[in-house]
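I opened my notebook and went through this one piece by piece. Here is what I looked up.

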Amino acid sequence: MLAFLLKRLAVVIPTFIGITLLVFALIRMIPGDPVEAMSGERGMDPARYQQLLHEFGLDRPLPVQYFEFLARALKGDLGVSIVSHEPVLREFIDRFPATFELALCAILFAMALGIPAGMLAAVKRNSPVDYGVMGVSLAGYSMPIFWWALLLILFFSVHLGWTPVSGRLDILYDPPRVTGLMLIDTWLSGEEGAFRSAAAHLILPAIALGTIPLATLARMTRSAMLEVLRDDYIRAARAKGLSPLRVVVKHALRNALIPVVTVLGLQVGVLMGGAVLTETIFAWPGIGKWLIEAIHRRDYPVVQGGILLTATLVIVVNLIVDLLYGVINPRIRHPR
Amino acid sequence: MKTLRLTLAAIAATLALPALATKTLVYCSEGSPEGFNPQFFTTGTTHDASSAQIFNRLVEFEVGTTNIVPGLAQSWEISPDGLTYTFKLRRGVKFQSTPKFKPTRDFNADDVIYTWHRMADPNHPFHKNSPAQTYAYFADMGMARIVKRLEKIDESTVRFTLNAPEAPFLANLGMDFMSILSAEHAEKMKAAGTPEAIDREPVGTGPFALMSYQKDAVIRYKAHEGYWDGRPKVDNLIFAITPDASVRYAKLKAGECHLMAYPKPADLAAMKTDPKINLLQKEGLNVGYIAFNTEKKPFDNKQVRQALNMAINKQAILDAIYQGAGQVAKNPIPPIMWGYNDKVKDYDYAPEKARDLLAKAGFKDGFEMDLWYLPVQRPYNPDGRRMGELIQADLAKIGVKVKLLTFEWGEYRKRSKAGEHQAMMIGWSGDNGDPDNFFTPLLSCDAVKGGGNNAKWCNKEFDDLIARATRTADRKERAKLYEQAQLIVKDEAPWVTIAHSVRFEPVRKEVRNFKMAAVPTNHYFSKTELVK
């Protein structure tokens with residue numbers, strides 16, 4: 001197990017360095033710079049422009065800037081936002097719980113519907129149920145998030161009035177921040193109705209963000225299940241006289257889960273990307289919205305730091321997923 | 001047991017009552033403020049959330065007009081030579097209390113001195129209070145160059161002495177960055193070892209006090225009980241930050257907010273017919289235009305510039321691109337501004353005449369030109385590319401072949417400053433309602449060097465007029481000078497003035513006494529009421 005872990009970690013380090021380099025280079029390849037972005041039609045006089053560039057350390061040679069960014073990042077210092085002048089790490093921590101809560105709910109929603117739907121489609125292969133599930137999941141997969149989200153809002157919030165339009169909590173409530181997770185904070189505050197409000201605010205964004213992973217999971221589960229269901233041991237289990245439910249859930253699903261878990265891990269990246277759109281539409285104060293704004297303003301430290309942290313997170317989750325295989329399928333732990 | 005239950009019920013009732021009676025006004029705003037000290041920032045979104053709610057200025061702009069009215073200064077006197085401005089400060093003005101700060105004195109001259117020197121004096125103990133923050137607007141408006149010194153005459157009198165007469169100075173004092181901060185607050189926070197709190201937990205004299213800010217989500221304010229201009233009519237004010245315009249509209253319809261900023265042009269028609277919504281509108285303090293580079297051929301020829309002016313169908317552009325959210329511009333300043341010359345006659349759309357004039361200028365067969373179109377949406381121009389295409393079609397009719405091109409926004413401004421363009425779309429949004437704020441940065445000879453004069457147009461007669469206007473204190477006389485200046489601009493035609501935008505704001509019917517501001521485009525809620 002330890003050797004396996006070390007091997008995975010050895011891959012992580014170059015990936016990490018690659019990300020820092022990519023992020024550093026990409027944001028600088030976009031024309032413009034933070035100082036330029038600050039001035040509007042009025043423009044800025046060249047002396048002040050130079051002075052500001054100097055203050056932000058942007059007048060130094062690029063390699064110097066990069067290595068300083070790397071050295072600092074390794075020490076956990078991601079610099080200070082050019083716009084708000086707050087440490088990037090602090091800004092990230094302030095916003096991360098919102099994204100985490102949303103992504104978690106989205107993935108739970110996707111799993112709760114996607115896996116059973118995929119199983120059902122596999123078991124009832126080539127039946128109307130199968131076609132229905134696959135058709136819907138194809139539509140879900142192809143749906144542009146911003147359009148889908150607006151559609152949800154218009155129908156459920158404006159037309160039916162069932163859910164709030166946007167935000168994380170009704171403005172009536174202002175629970176003290178403990179964990180940053182609204183469901184927990186409102187529950188802790190004990191204020192009547194606050195928890196319900198937080199939950200209601202989560203529904204539509206979670207659905208909007210969870211739709212693509214749901215579709216992916218349903219399709220993945222279906223194909224993995226189909227493969228497994230053809231195996232001899234399933235026939236053997238059936239021949240033993242086990243109930244069909246037991247065969248599917250206990251024997252088939254466990255083996256079908258391996259590719260599903262892989263996909264689940266990869267969905268974290270998809271969720272982070274989708275969060276950018278979902279958060280903007282639902283006015284959800286998370287990482288995605290923050291990064292978009294930072295890119296518009298060429299806030300280099302925020303873009304660099306924010307993407308680095310997000311990418312690190314995706315790497316870590318995928319590492320955990322890799323380790324989870326070992327739990328699901330011991331053969332991966334001891335490759336022969 | 002029964003008594004206990006009754007007591008609890010009584011407590012619950014007293015707690016619940018005020019909660020029922022409180023009035024909370026919710027405004028769906030378009031973005032997050034960068035911070036809460038208006039001195040540091042230049043964007044409207046930030047000023048709307050900070051200076052307009054929490055602070056006051058020495059002078060203010062009358063809501064809805066460009067007139068200057070008393071604010072924290074009750075009255076002022078300008079010396080005949082236009083060099084000294086003496087302000088009598090209002091007495092009995094209270095600062096807001098916060099959990100960490102209880103003011104012990106009223107607003108006085110020390111607060112004005114502190115506010116000014118914090119920005120103006122690099123050695124002021126609070127100048128570098130928040131690391132790496134700069135006083136951008138103060139620098140941009142040339143305040144340090146304009147003012148020689150500021151003195152406290154007594155507790156309620158301050159005097160500014162200028163280096164040279166500068167009539168727009170008064171309007172500058174009404175701008176957001178000139179919001180008056182509390183000197184006592186700064187001292188107390190410093191003594192408590194938390195000097196950074198003065199910018200993060202602001203204290204002002206304005207109608208609403210900041211309660212909390214949940215980043216990118218909600219800003220909460222409470223009515224300032226002791227507000228000098230009368231306690232606000234609502235108890236709480238909330239900015240629900242909602243970046244997407246469609247979602248803001250959905251929230252407005254669902255009753256989750258009472259009014260919203262920046263509706264989509266496409267939604268205006270529906271808003272107009274919605275029985276629950278009043279759609280307010282106000283002319284924008286801006287202008288969108290095409291600037292010819294008069295240093296380059298053939299645009300150095302006045303006749304060519306005039307001919308192109310006649311060849312462009314502005315009304316068609318307005319109809320196609322602004323969709324009712326704009327008006328045709330004939331002057332560089334908008335009609336909402338004092339000094340606007342309504343007698344100026346615009347070039348009529350007359351392609352035939354344009355062709356003749358072009359022939360007279362020696363371009364019988366037309367010519368080829370580049371036109372840069374805006375790469376971004378601006379308040380004065382919603383769609384640069386589409387506008388470019390319409391102009392291209394118009395000019396083709398008189399034999400002028402237009403090539404459209406553009407650059408990334410930062411690059412666009414940089415290259416135009418360097419004069420690389422032949423003709424370009426650009427525009428301007430006013431800062432303080434003073435005509436000088438348009439003419440000097442955009443059309444003066446100095447601005448040719450500075451880069452703001454995109455037409456690179458330097459006209460001695462015009463320059464003298466606007467320079468004289470800045471030295472004249474009397475507003476009527478200034479207006480006359482600007483009226484003359486506008487005639488010269490029209491005749492010389494360094495620009496094609498295209499449009500002034502019109503801003504819209506949908507407001508729910510239960511909101512009363514809300515007026516859209518002309519300058520700056522902030523929201524002022526101190527007189528706003530909510531009725532059922």
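Predicted model: local features only at pLDDT ≥ 70, side-chain atom pairs only at ≥ 80, totals over all residues.

Is the crossing of α17(B) and α19(B) left-handed or right-handed? I found that the crossing is left-handed (the near helix is turned anticlockwise from the far one by less than a right angle; clockwise would be right-handed).

Residues are numbered from 1 along each chain as its sequence is written, while chains are lettered from A and ligands numbered from 1 in the order in which they are written.

Back to the helix pair. I looked up the axes (lines fitted to C-alpha atoms over the stretch in contact, with angles from 0 to 180 degrees between N-to-C directions). Those of α17 (residues 436-443) and α19 (residues 460-471) of chain B come within 11 Å and cross at roughly 140°. That makes α17(B) oblique to α19(B), because under 35 degrees counts as roughly parallel, over 145 as roughly antiparallel, 65 to 115 as roughly perpendicular and the rest as oblique.

Next, contacts (C-beta atoms, placed from the backbone, within 7 Å). B:D436, B:F439, B:T440 and B:L443 in α17(B) meet B:F462, B:I466, B:A469 and B:T470 in α19(B).

Then I checked B:Y289. Leaving out residues up to four places away in sequence, I saw that B:Y289 touches B:A329, B:I426, B:G427, B:W495, B:V496, B:T497 and B:I498.

Last, the two chains: 42 residues of chain B are in contact with 35 residues of chain A.

Conventions:
Helix = DSSP H or I, 4+ residues; strand = E, 2+ residues; numbered from the N terminus.
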